[in-house]
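Hello,

Here is the structure I promised to pass on to you. Please open it next to this email, and my notes on what turned up will follow below.

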Amino acid sequence: MPGRDVDLVVIGAGLSGCALVAALKSKGWCGTIQILEAGRGPGGRSATRRRRDSPLWRLDHGTPTLSFQSEPCGQLRELMTSLEQRGVVRVDRDPVVGLDHLGAVVAPPDHPLLRGPRWRGIPTMATVVETLLSDGGNSVDARFGERIQTLSRVDERWVFPGGLRGRGLILSGTLLAHPRSLAMLGWRDVPLREAVPEGHDSVLDEALAWIANLNASIRWNLMVQFPAMDSDSLPRQIWLTPRAQQQFGVERIVLQRQQQGGLGLVMHGLDDGALITPETQPQLMTVQEQRLLSLLPEILQPWPSLQGLVSNAHSLGVMRWGAAQPLDQGMPNALQWCRRVRVGFCGDWIAGSGFGMAEGALQSGLDLAELIAS
Ligand SMILES: Cc1cc2nc3c(=O)[nH]c(=O)nc-3n(C[C@H](O)[C@H](O)[C@H](O)COP(=O)(O)OP(=O)(O)OC[C@H]3O[C@@H](n4cnc5c(N)ncnc54)[C@H](O)[C@@H]3O)c2cc1C
């Protein structure tokens, strides 16, 4: 949209970006917002994969649930109650089992994502972000399929392709602020650092230093379509024990019943440290797909009905998820809003209850809305 000026440009329509937008609207903040999102729709790591040739096929290929450390309270409680009352989420009590390195079904491993309450999007995880974006009446202006590669600031405005200008900028992912993508995207420097030289905003300088220390990690999620079968006795999630994870390079398997009777399976493959560049990525995707597919029969041994159908199952390819995660604590909230250059951060890497998971992503959006609207 040539020459368009808005108050806030939000890069990323994941849980945190969408929670931020919904919270600003519910507070009566009347600024204009433009969302720019690389994906085909909202959701980010909480998105749902659809198929053009099969409209009812839907697979939550990132997170299968919204995990919380403990029962939410305050604004987060209000948000979850409102989503629950509208049928957008339900408490996730679906069976979770563990699988050890010998192939035995055991209790699920102790993991932060499994310790507290969980909610599932109805019918899929994407419904959560879609609802957040449409909350408050007027739907927000969002451009999808638009990956921002550079950032520039001219006359105190953030300037984007197509003549879009924003007074403020929100990054809900760390891509443009973390050195992890320098090799992958052939950048000279972190885009946010290039746009705002050191010394302009001490809060931003501190935030960038903090972000640079985040641990970048990759997931390779294999998506598989199984034919129609009786899936009633199957667990929803199969979590490998730490030793089994090490042995197979797989964290868990998530099963999702499909409306037309088939079954979707997502195998969450772990990072093996391979260097990803534009040249190596296509081959790595193929290698990971073959690796994960070859492990399926062995891992599914305790579920013979499913294992027996592996040869009739159809791979839908691998999705590469990249994220920068804090190791033991999130970025301090005091660095979330850099007033001088009007840059804000939200995401599951911000400090607070539930950082590193959906809870932290939602909470960070609510917290940032508070800072912006105050
Ligand atoms: C495989 C997997 C399994 C998970 N399992 C669980 C679980 O069981 N329970 C749980 O609670 N959490 C789980 N999580 C974590 C959960 O998905 C995240 O905490 C949450 O979705 C993060 O939301 P976010 O908004 O912070 O980030 P994201 O979802 O990453 O959103 C950031 C968005 O910004 C966009 N973006 C980034 N850079 C740019 C750019 N330059 N231009 C345009 N767009 C850009 C991205 O496309 C993305 O949509 C899992 C995550 C993964 C990957």
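Let me begin with Glu 156, which sits in the loop between strand 11 (152-154) and strand 12 (157-159). Helices and strands here are DSSP runs numbered from the N terminus, with at least four residues (H or I) for a helix and at least two (E) for a strand. Glu 156 is not a glycine, yet its phi is positive, about 60°. Glu 156 is also exposed, at a relative accessible area of 59%; exposed means over 50%, buried under 20% and partly exposed in between, using a 1.4 Å probe and protein chains only.

Before going on, a word on the source: this is a predicted model, in which local features need pLDDT of at least 70 and side-chain atom pairs count only at pLDDT 80 or more, while totals for chains, interfaces and linings use all residues. Residues are numbered from 1 along each chain as its sequence is written, and side-chain values use heavy atoms, with hydrogens and water left out.

Arg 342 has a positive phi as well, near 55°, and is a residue other than glycine. Its place is the loop between strand 19 (337-338) and strand 20 (343-345), and Arg 342 counts as partly exposed at 25% relative accessibility. For background, most residues other than glycine have a negative phi, and most peptide bonds are trans.

Where is there a cis peptide bond? Look from Ile 122 to Pro 123, where omega is near 0°. Pro 123 belongs to the loop between strand 9 and helix 4, and Thr 124 is found in the loop between strand 9 (118-121) and helix 4 (126-134). Thr 124 counts as buried because its relative accessibility is 3%. Leaving out residues up to four places away in sequence, Thr 124 touches Thr 48, Arg 58, Asp 60 and Gln 256, where a contact means heavy atoms within 4.5 Å.

Next, Ser 172, in the loop between strand 13 (165-171) and helix 5 (182-185). Ser 172 is buried, with a relative accessible area of 12%. A polar atom of its side chain lies 2.9 Å from the backbone oxygen of Ile 11 and 3.3 Å from the backbone oxygen of Gly 12. A polar contact is a pair of N or O atoms within 3.5 Å; within protein, one must be able to donate a hydrogen and the other to accept it, and residues adjacent in sequence count only if both atoms are side-chain atoms.

Now for the inside. The largest nonpolar core has 38 residues, and Leu 66, Ile 170 and Leu 362 have the most contacts inside it. Such a core is a set of buried Ala, Val, Leu, Ile, Met, Phe, Trp, Tyr and Cys residues joined through side-chain atoms within 4.5 Å. Among the elements that each supply at least two residues of this core are strand 1 (5-11), helix 1 (15-26) and helix 11 (358-373). Helix 1 gives the largest share, eight residues. A second, separate core of 32 residues includes Leu 171, Leu 208, Ile 211 and Leu 335.

As for Leu 362, the residues that it touches include Leu 15, Phe 68 and Leu 132, not counting residues up to four places away in sequence.

Best wishes
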